[in-house]
Amino acid sequence: MKKNRTQGERLPAKVGKTSDPQVERIDALFVQSATAFSSGPGTITLYGLADSTVYFADRPRREIGHIPSHRFVQLWEPGANSFAVDPPNAVLSFLDEEGTAPEDAALVLREPRLEDDTLSYSVEILEGSLPRRSGPCSLFIDVFGRPLSPVSGSVAQRRKLGKDG
């Protein structure tokens, strides 16, 4: 049985905390998870969005961690490396234990709107199709090939302490 983490409980050492205001840039894949999904013309909405957007990077860095989802949405704000200028691609994947999950869909993500635990994006469908509604899903956001993405300063702090392993 999976143990629920209580508020204030320490995270495993390999997962970065985001309390440090410093930001470092790495080439990472981001994952957002939600309990439900809906789509309309040119939009998707994730309901019950997790508080954190998980990221991980492969070689040579092999970093993992998370940033608050509201902070991830801020990557579309104006700036030199804004996702508004160069929007990321994503794959939307659905979970269905009965084997009737919709097919994955490849998207371009634009104009995120976050309210509480509901996140909507304007989207362009690159491949596949979107169901009108579905249950649990994950959005795998690929920023490879873009300028490096910001993550928590804890990654830099771990390196300074010699814990990047």
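This is a predicted model: local features need pLDDT of at least 70, side-chain atom pairs count only at pLDDT 80 or more; totals for chains, interfaces and linings use all residues.
Biologist: Okay. Is Ser122 buried or exposed?

Modeller: The idea is to look at the relative accessible area and compare it with a cut-off: under 20% counts as buried. Ser122 has a relative accessible area of 16%, so it is buried.

Biologist: Which residues does Ser122 touch, leaving out those up to four places away in sequence?

Modeller: Among them are Gly42, Thr43, Val108, Leu109 and Arg110. Glu111 is on the list too, and the side chains of Ser122 and Glu111 are joined by a polar contact of 2.9 Å.

Biologist: Now zoom out for me. How many helices and strands does the chain have?

Modeller: Two helices and twelve strands.

Biologist: Can we look at one pairing? How many bridges join S2 to S5?

Modeller: Three, and the two strands run antiparallel. Across this pairing, Phe30 stands opposite Tyr55 in S5.

Biologist: Those are both ring residues. How many aromatic pairs does the structure hold?

Modeller: Seven. To read one, check the distance between ring centres and the angle between the planes. Phe30 and Tyr55 are 6.2 Å centre to centre with 55° between the planes, a tilted pair. These two residues are 25 residues apart in the chain, and both are buried.

Biologist: What about Phe30 and Phe72: how far apart are the ring centres?

Modeller: 4.9 Å, with 45° between the planes, and this pair is tilted as well. It links Phe30 in S2 to Phe72 in helix H1, 42 residues apart. Phe30, Tyr55 and Phe72 belong to one aromatic cluster, together with Trp76, Phe83 and Tyr121.

Biologist: Last one: which residues touch the most other members of the largest nonpolar core?

Modeller: Leu109 and Tyr121, out of 29 residues in that core. Elements giving two or more residues to this core include S2, H1, S8 and S9. For the chain as a whole, buried residues make up 41% of the 165 residues.

Methods
Residues are numbered from 1 along each chain as its sequence is written. Side-chain values use heavy atoms; hydrogens and water are left out. Helices (H or I, at least four residues) and strands (E, at least two) are DSSP runs, numbered from the N terminus. Buried means under 20% relative accessible area, exposed over 50%, partly exposed in between (1.4 Å probe, protein chains only). A polar contact is a pair of N or O atoms within 3.5 Å; within protein, one must be able to donate a hydrogen and the other to accept it, and residues adjacent in sequence count only if both atoms are side-chain atoms. Contact means heavy atoms within 4.5 Å. A nonpolar core is a set of buried Ala, Val, Leu, Ile, Met, Phe, Trp, Tyr and Cys residues joined through side-chain atoms within 4.5 Å. Two strands pair if DSSP finds at least two bridges between them. Rings of Phe, Tyr and Trp (its six-membered ring) pair if their centres lie within 6.5 Å; planes under 30 degrees apart count as stacked, over 60 as edge-to-face and the rest as tilted.
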